[in-house]
Amino acid sequence: MQKIIVIGCPGSGKSTFARALHKKTGIPLFHLDMMYWNADKTTVDKSIFLDRLSAVIAKDEWIIDGNYASTMELRIRSCDTVIFLDYSLDVCLDGIKKRLGKPRSDMPWVENEEDTELIEFIKKFNQEQRPKVLEFLNTYGDKNIIIFESRAQADAFISL
């Protein structure tokens with residue numbers, strides 16, 4: 001494992017897992033949210049985001065955390081390992097609630113209130129986004145694909 005993407009529904013703990021994996025392996029960690037968002041909650045131009053992502057992908061080793069469907073295929077093609085946190089709706093909604101008001105290294109601001117648009121996206125993720133993710137994973141079956149269905153499975157992997 002040298003080029004790893006960590007994907008899953010918002011609130012699944014992608015960034016937390018990616019930080020633990022970085023700590024264990026020493027592989028440099030990059031967060032898509034930090035490449036895409038400004039501190040004032042505006043987004044960078046798509047060309048800037050793609051330039052930032054391309055610069056990371058060109059490196060010899062990396063962990064990239066985040067979903068971003070528009071760049072999913074690019075990241076899957078470029079990685080050797082995909083880690084998919086395939087958790088239930090309740091786990092993801094709970095994850096969103098637990099991070100409110102906490103500074104995070106993966107976001108350029110502190111989220112102090114629930115984002116209703118994000119909550120709606122999460123509620124639809126398993127029906128709308130998950131099938132697309134699974135289709136990508138099927139298409140790129142030559143990659144090392146690791147799917148965790150619970151936090152306990154992910155924690156056990158990090159503990160190995």
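Trainee: Why is strand β1 largely enclosed by the rest of the structure?

Mentor: This is a predicted model, where local features need pLDDT of at least 70, side-chain atom pairs count only at pLDDT 80 or more, and totals for chains, interfaces and linings use all residues. Residues are numbered from 1 along each chain as its sequence is written, and side-chain values use heavy atoms, with hydrogens and water left out. Buried means under 20% relative accessible area with a 1.4 Å probe, protein chains only, and strands are DSSP runs of E, at least two residues, numbered from the N terminus. Strand β1 covers residues 3–8, and it's largely enclosed because the buried ones number 5 of the 6.

Trainee: Which residue of β4 stands opposite Ile 4?

Mentor: Strands pair if DSSP finds at least two bridges between them. β1 and β4 (residues 81–85) run parallel, joined by 5 bridges. Opposite Ile 4 you'll find Thr 81.

Trainee: And what is the bridge partner of Val 6 in β3?

Mentor: β3 (residues 62–65) also runs parallel to β1, with 4 bridges joining them. Val 6 has as its partner there Asp 65.

Trainee: On to α6: which of its residues are buried?

Mentor: Helices are DSSP runs of H or I, at least four residues. The buried residues of α6 pack against β1, α5 (89–99) and α7 (130–139), with contact meaning heavy atoms within 4.5 Å. They are Ile 119, Ile 122 and Phe 125.

Notes
Buried means under 20% relative accessible area, exposed over 50%, partly exposed in between (1.4 Å probe, protein chains only).
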